[in-house]
Amino acid sequence: MLAPKIKTLIPKFCSFSSPVKQMNKKKKIQHPGKAAIKITKSPTKTLKRCTTSAAIVVDQQKPKSRAKPNSHFQENHELVLESSISLNFLEKYPILGPDFYQIDALDLAPRLLGKHLRKDDVILRITEVEAYRPDDSACHGRFGITARTAPVFGPGGHAYVYLCYGLHNMLNVVADKEGNGAAVLIRACAPVAGLDTIQQRRGLTSEKPVLLAGPGKVGQALGISTEWSNHPLFTPGGLELLDGPEPEKILVGPRIGIDYALPEHVNALWRFAVADSPWISAPKNTLRPP
């Protein structure tokens, strides 16, 4: 189951990665909660503001877009600078509280579409998810509580990260009440900030959906490992889940790679994706409007 600099949209189970030097020497971004984040564009006009996790310095001058005219990043949504964590963004899309996750995984999954994952200077918009529920023959919870699956049985709002094929770190968002054993797999995302870091972690300079269309790619882009399993996504610093706008339309379909499960679970329409977004994993032809 369960580089180039750009502007892009905001429509909110890999080893730890070391910080990446940005190409622009005027920008300096450090781990949130441990130091100040400083983004300087103008020697004269700056705005200083403290948040719970960092101090941010952002100028008031609006920079020119560097996204290519036909870039996959342009999806007719609000744009932010690559590698920047804007003050307005953090005010508009705050960290989601623990109550947000205390619902059935099948209800939480579509609500996660359009929300944002943030770690270091990387922000990703969630575009595709899969729900895994209690008594689901495709859910890791079917094995009961083990050292690996214990986070799935924890309270909603924590991360569950597992290693797939010994290579891919798959990020899941734990759902529902403690003891239920449910989670939502993050299958695909679109980049919002930190493209240079994403590309370096992925070892790929592409700006196309291949960069983040797949759960292992998402885990690699975030620089997470199984050590992040059981991490609370609602606390500032580290790995956070931020609010974001609800997509206008979504698609649904059967989940991927669960042929071992019972037929009713193989065929269940528990995969959800943002309609009209190119940042979706294959296969796409099994997705339909609800």
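Which residues are buried in H3? That was my starting point, and I kept in mind that this is a predicted model.

**Entry 1: helix H3.** I looked up residues 195-202, the stretch that makes up H3. Leu195, Asp196, Thr197, Ile198, Gln199, Arg201 and Arg202 came up as buried.

**Entry 2: H3 against H4.** I went back to H4 for the details. Two packed helices are described by the angle between their axes and the distance between the axes. Here the axes come within 8 Å and cross at roughly 115°, and the crossing is right-handed. From H3, Ile198, Arg201 and Arg202 meet Lys217, Gln220, Ala221 and Leu222 of H4. I sorted the residues of this contact into 3 nonpolar, 1 polar and 3 charged.

**Entry 3: Ser137.** Then I moved to the loop between E8 and strand E9 (159-164), where Ser137 sits. Is Ser137 buried or exposed? Its relative accessibility is 16%, and buried means under 20%, so Ser137 counts as buried. Beyond its neighbours within four places in sequence, I found Ser137 in contact with Arg142, Tyr260, Ala261, Leu262 and His265. For Leu262 I noted a distance too: its backbone nitrogen lies 2.9 Å from a polar atom of the Ser137 side chain.

Note on methods. Residues numbered from 1 in each chain as written. Predicted model: local features only at pLDDT ≥ 70, side-chain atom pairs only at ≥ 80, totals over all residues. Heavy atoms only, no water. Buried < 20%, exposed > 50% of the residue type's maximum accessible area, 1.4 Å probe, protein only. Helix = DSSP H or I, 4+ residues; strand = E, 2+ residues; numbered from the N terminus. Polar contact = N/O pair within 3.5 Å; in protein donor to acceptor, adjacent residues only side chain to side chain. Contact = heavy atoms within 4.5 Å. Axes fitted to C-alpha atoms, helices over the stretch in contact; angles between N-to-C directions. Left-handed = near helix turned anticlockwise from the far one by under 90°. Nonpolar A, V, L, I, M, F, W, Y, C, P; charged D, E, K, R; others polar.
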